[in-house]
Amino acid sequence: MKKKIPIVDENFKNFSVQTGGLISINFTGNYDPSKAIDTLSEWLMYSSGINVKYSSVIIQINAKSNSVNEITDYLESKNIVVNSIDGPVQNAINSTKESMIDTNYMILISGIIGVIVAVISIFFDNVTEGIRRIIIKIKNR
């Protein structure tokens, strides 16, 4: 495989094939990741009979953060399951999600605040009348 990968596509640079079956390929900067995946999966099918659709393949794609959704959608359209997305932007999103309050707790807190506001609004006239009486008593002393 090490000898054949350079002739698969001239955009594949700095590749390594490990004995455990891991193939690591870096490609040129402006090369389309979707095309790289298509080329690699076609080559694996024709040269080794490995059908990527039904194989377990770990692919690491280095892409700009604004193209992650496009690449994920493309992979899913080809029936490739995206296991995880890692990177500085995704790590920031994940840490933000971890620091946020759980949705169930937020609903509970909002409900409690809503009940308190409802009870206060029901008895608002009585409460304001009581406060006025207290103020009048204080002034009359």
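Start with T39 and what it touches. Leaving out residues up to four places away in sequence, T39 touches V8, D9, F12 and Y31. Contact here means heavy atoms within 4.5 Å. This is a predicted model, where local features need pLDDT of at least 70, side-chain atom pairs count only at pLDDT 80 or more, and totals for chains, interfaces and linings use all residues. Residues are numbered from 1 along each chain as its sequence is written, and side-chain values use heavy atoms, with hydrogens and water left out.

So where is T39? In helix α2, residues 33–48. Helices are DSSP runs of H or I, at least four residues, and strands are runs of E, at least two, numbered from the N terminus. T39 is buried, because its relative accessible area is 19% and buried means under 20%, with exposed over 50% and partly exposed in between (1.4 Å probe, protein chains only).

Next, F12. Neighbours within four places aside, F12 is in contact with I5, I25, N26, F27, Y31, A36, T39 and L40.

Now the core. The largest nonpolar core has 10 residues: I5, V8, F12, V17, I25, Y31, A36, L40, W43 and L44. Such a core is a set of buried Ala, Val, Leu, Ile, Met, Phe, Trp, Tyr and Cys residues joined through side-chain atoms within 4.5 Å. Two or more residues come from each of α1 (5–8), β1 (12–17) and α2. The largest share, four residues, is from α2. Apart from this core lies another, of five residues, including I37, I71, L75 and I80.

Last, M106. M106 sits in helix α5. M106 is partly exposed, with a relative accessible area of 43%.
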